[in-house]
Amino acid sequence: MEKGKSAAKALEISLKKLDLNADRNSKSSHSIPSLHSSRLRVEKNKPPSLVSLCLGVVGRHLEDIVEDLSEIAVSFPADIKITLAAIARRRKLLNDDVIVSLADSSWEILDLSGSDVSDFGLAKVAEMCKSLCAVDISQCNKITANGVSELVQHCHSLETLRCGGCPASESTARRCLGILKPKLNDVGGDSWEELDTMEIGHGAQSLRWLVWPKIDKDSLEMLSTECPRIIVNPKPSLFSFRGTEVPREALPDVALDDPIIKDIDPKTWVFCRFTPKAISQTLSSPNELSLAEKFRLAFVERDMRLAPKRAKNARQHQRRAEREWMMTSTRAKALALASQASKSLHGRS
């Protein structure tokens with residue numbers, strides 16, 4: 001186990017160093033739209049960064065480090081953490097423990113769609129990541145109105161929310177209408193559009209975009225009548241919507257965390273779909289050890305092999321320290337001479 005942690009520590013240091021290259025690559029990617037089309041083709045064929053390659057390798061073996069992820073990822077940069085979360089979601093490994101271990105206070109988006117995250121995990125992440133602007137909880141069977149209430153309570157900058165997609169999530173969305181509708185401190189205003197955030201006392205204070213593809217007519221009518229400020233299922237357009245441009249996060253056809261893993265090889269998460277079957281066919285015994293357990297046993301074996309040498313070195317160090325003490329201490333010399341004299345007297349008698 002200690003050897004595995006040492007390897008993880010080395011990976012952490014490498015990722016931090018490699019992250020500098022990722023920053024330079026991200027800065028250069030922002031200038032792509034202003035370049036000539038020939039340059040654009042060159043950028044498309046550009047190989048992935050070393051950070052992306054490392055994350056792809058880690059992502060393929062993510063299930064082997066999930067149990068120790070809280071210790072391994074504690075010093076990872078925020079962009080590395082959110083990339084691992086996106087990979088874990090695609091590999092169906094994202095649950096409360098994983099998302100809480102990876103959560104970072106600087107996150108502005110959170111994609112939990114189709115995961116096993118529950119109200120507990122959503123509440124903990126919302127408490128840690130109060131700057132969240134866009135959240136996707138669609139197809140999450142374990143998230144209820146209680147989790148959404150915690151999200152709205154902690155994340156006052158939430159502008160985009162995605163929900164629905166499965167019966168449980170559809171039911172949660174309907175029960176959350178009362179939570180999502182802002183409640184006014186001052187009811188003297190003429191319209192929702194003129195409200196300032198400070199005038200909204202409770203509810204989703206900044207929520208503007210609600211992506212709920214299969215919203216029922218009653219819910220849509222309720223939101224349109226009582227809270228027209230929240231735009232439901234906005235359509236992509238070249239023109240702004242009510243004077244506001246529709247953000248990419250509010251477009252239902254694009255995964256919320258797609259830009260995060262754009263440089264990661266898709267085989268990283270496609271690989272896992274076939275791995276369990278291949279393993280079950282090739283295992284000669286149901287008691288086959290995991291990779292982490294093999295690392296632990298190798299470390300224990302090495303530790304036992306080196307134990308006699310460490311004990312010998314300790315004894316040598318102790319004898320050396322005693323000799324140095326005898327050479328430098330006057331009292332020690334006197335005791336040694338007295339001991340020799342006592343032995344000689346007993347020998348004569």
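These legends accompany several close-up views of a predicted model. Residues are numbered from 1 along each chain as its sequence is written, side-chain values use heavy atoms, and hydrogens and water are left out. Local features need pLDDT of at least 70 and side-chain atom pairs count only at pLDDT 80 or more, while totals for chains, interfaces and linings use all residues.

**View 1. Welcome to the largest nonpolar core, with 60 residues.** A nonpolar core here is a set of buried Ala, Val, Leu, Ile, Met, Phe, Trp, Tyr and Cys residues joined through side-chain atoms within 4.5 Å. Buried means under 20% relative accessible area, exposed over 50%, and partly exposed in between, with a 1.4 Å probe and protein chains only. I99, W107, L110, L112, L151 and L210 have the most contacts inside this core. Helix α5 (residues 78–90) supplies its largest share, seven residues. Helices (H or I, at least four residues) and strands (E, at least two) are DSSP runs, numbered from the N terminus. Another core, of six residues, lies apart from the largest one and includes V211, I231, A250 and L251.

**View 2. Here are the neighbours of L110.** Leaving aside residues up to four places away in sequence, L110 touches I99, L122, V125, L132, A134, V135, D136 and L256; contact means heavy atoms within 4.5 Å.

**View 3. R89 sits in helix α5.** This arginine is buried, with a relative accessible area of 12%. Its side chain makes a polar contact of 3.0 Å with that of D257. Such a contact is a pair of N or O atoms within 3.5 Å; within protein, one must be able to donate a hydrogen and the other to accept it, and residues adjacent in sequence count only if both atoms are side-chain atoms. Beyond four places in sequence, R89 touches L94, D111, L112, S113, A255 and D257.

**View 4. Take a look at the buried residues of helix α7 (residues 119–128).** They are D119, G121, L122, A123, V125 and A126. Their cover includes α6 (96–102), β1 (109–111) and α8 (145–154).

**View 5. Five strands make an open, parallel sheet.** Their order is β1-β2-β3-β6-β7. Each of β1 and β7 (231–232) is at an edge with a single partner strand, so one side of each has no neighbour in the sheet. Two strands pair if DSSP finds at least two bridges between them; β2 (residues 134–136) and β3 (residues 160–162) run parallel and are joined by three. Within this pair, D136 stands opposite R162 of β3.
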